[in-house]
Amino acid sequence: MPTASLFADRIVEAIRSRNCPGVINLDPVCASLPRRFAAAHAPAHCFDERAALGEVIEYCRRVLQIVAPIVPVVKLNIAYFECFRSAGVDAYYSLIAEAHRLGLLVIGDVKRGDVGHTAAMYASAHLAAFAPESADRAAPDAVTISGYFGWDGVKPFVDVARRENKGVFVLVRTSNESAASVQDVPTRDGPPVHAVVADLVTKWSHESGTIGSAGYGAIGAVVATRDPADAAALRKSMPHSIFLVPGYGAQGGRAEDFAPYVDTFGLGALIAAGRSVIFAHERPALKERFGDDWEACVQYAAHEFTADLRRVLPVR
């Protein structure tokens, strides 16, 4: 994928090219793959890891081919490949290369975090380009990281991102049910913990030297609060950060729920859908309509997702 322009400008350009801020999460749970992928459904006592991984790769490649004309960005969660050990990690990087060949930007959902040399090694492993360059494997355009180590943990990733015109998405407010027990706890001065992290993200963005012509920089934020007022407050407090927002579809989110995350031009956020698209063959209405044609189900669901976003979040 070309890296001539700043990361955030490439994101904005990609959103405008598809007229949609949608992201497809590629999280290939074997048990949810279509039944034709028999090895992935084998019982534990006769599970053939190599055969199952081959089917996962085949499935993911076909999903990428289907969604590439529809969305600007895909997100690959490395956990679903690490479970296959070293061969799975190779598959993860090969699928990133495939996504790039199809014109997609790629976010690596790795959620890494540490400090010092360890953080630097994580940053190099997950963001730095392969040397020598290879057509069969590529690093993502951005990764998710933990902000809860402070600048000591974030800086090594920002250094690599700045050098390679890539991005990071710092965890600010996550979507899991128990997140509030940590991230919404009021601090001594009043704001919740996640608001303090948001203020730090803004500070880091100003200092990063990566803010592009659209006003956004390389330091984005993972934001998934269910409170519209909180979402609007976070949008206001992090004006230079592109938000990565999970929760559409299977997690209960509707297009209307994401309106506070975007700016007046429909930019500034990437709205992610996963199971509702990639496992659309499990939806009874689509199964009735398309039968065993799982690819038609994915294509229909991807168009349905993006049309819903365009209806509420028009890009200008």
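Reader: Which residues of α12 are buried?

Author: This is a predicted model, in which local features need pLDDT of at least 70 and side-chain atom pairs count only at pLDDT 80 or more, while totals for chains, interfaces and linings use all residues. Residues are numbered from 1 along each chain as its sequence is written, and side-chain values use heavy atoms, with hydrogens and water left out. Helices are DSSP runs of H or I with at least four residues, strands are runs of E with at least two, and both are numbered from the N terminus. Taking buried as under 20% relative accessible area (1.4 Å probe, protein chains only), the buried residues of α12 are Trp294, Ala296, Cys297, Val298, Ala301, Ala302, Phe305, Thr306, Asp308 and Leu309.

Reader: Against which elements do the buried residues of α12 pack?

Author: Contact here means heavy atoms within 4.5 Å. By that criterion, the buried residues of α12 pack against β1 (22-26), α2 (49-67), β7 (243-248), β8 (269-273), α10 (275-278) and α11 (284-290).

Reader: What distance does helix α12 reach from its first C-alpha to its last?

Author: The expected span of a helix is 1.5 Å times one less than its number of residues. Helix α12 (residues 294-312) has 19 residues and an expected span of 27 Å, and close to this is the distance from its first C-alpha to its last, 28 Å.

Reader: Is Asp141 buried or exposed?

Author: Asp141 lies in the loop between α5 and β4 (142-146). Because its relative accessible area is 2%, Asp141 counts as buried.

Terms used
Buried means under 20% relative accessible area, exposed over 50%, partly exposed in between (1.4 Å probe, protein chains only).
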